[in-house]
Amino acid sequence: MSNEHDWHGEHQLTMSPAKPELKQPPKYRVLMLNDDYTPMDFVVEVLESLFNMGREGATKTMLQVHTEGKAPCGLFTFEIAEAKVEQANSYAQHHGHPLQCTMEQE
Ligand code: TYC
């Protein structure tokens, strides 16, 4: 019998089935950094508008940055974290403030 689906000997298909992809994509933490010049209420506004914090959480985070030098603003996929950093930094620059955000892998 000569059949193209008849796999034997050196023609036997040896590929194993594709392994299911179980890993979640890595997450990135956006950090806000302290400086001596950005007004506190501007930082609170950025945390509220860009990082979806309420007034109380934004104020606590701003004070943590002010006293400790930096604080986390949220965990995101790479692309979202990159966009948040870019938006925060350019918004601050547009308003003449040196406020900076950065990101690190979780
Ligand atoms: N240190 C600033 C001040 O005294 C306030 C500030 C807080 C600046 C948080 C940046 O990410 C920041 N005006």
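Helices (H or I, at least four residues) and strands (E, at least two) are DSSP runs, numbered from the N terminus. The model is predicted: local features need pLDDT of at least 70, side-chain atom pairs count only at pLDDT 80 or more, and totals for chains, interfaces and linings use all residues. Residues are numbered from 1 along each chain as its sequence is written, and side-chain values use heavy atoms, without hydrogens and water.

**Exercise 1.** State the order of helices and strands in the protein chain.

Solution. Start with the inventory: 3 helices and 3 strands. Then read along the sequence. The pattern is β-α-α-β-α-β.

**Exercise 2.** Describe how helix α1 meets helix α2.

Solution. Take the axes, which are lines fitted to C-alpha atoms over the stretch in contact, with angles from 0 to 180 degrees between N-to-C directions. The axes of α1 (residues 40–50) and α2 (residues 55–68) come within 9 Å and cross at roughly 125°. That makes α1 oblique to α2, because angles under 35 degrees count as roughly parallel, over 145 as roughly antiparallel, 65 to 115 as roughly perpendicular and the rest as oblique.

Next, list the contact residues (heavy atoms within 4.5 Å). From α1 come Met40, Val43, Val44, Leu47 and Glu48. From α2 come Arg55, Ala58, Thr59, Thr61, Met62 and His66.

**Exercise 3.** Find where pLDDT stays under 50.

Solution. Recall the scale: pLDDT is the predictor's confidence in each residue, from 0 to 100. The chain averages 89, and 86% of the residues score at least 70. Over residues 1–9, pLDDT stays under 50. For this stretch the model has 3 contacts beyond four places in sequence.
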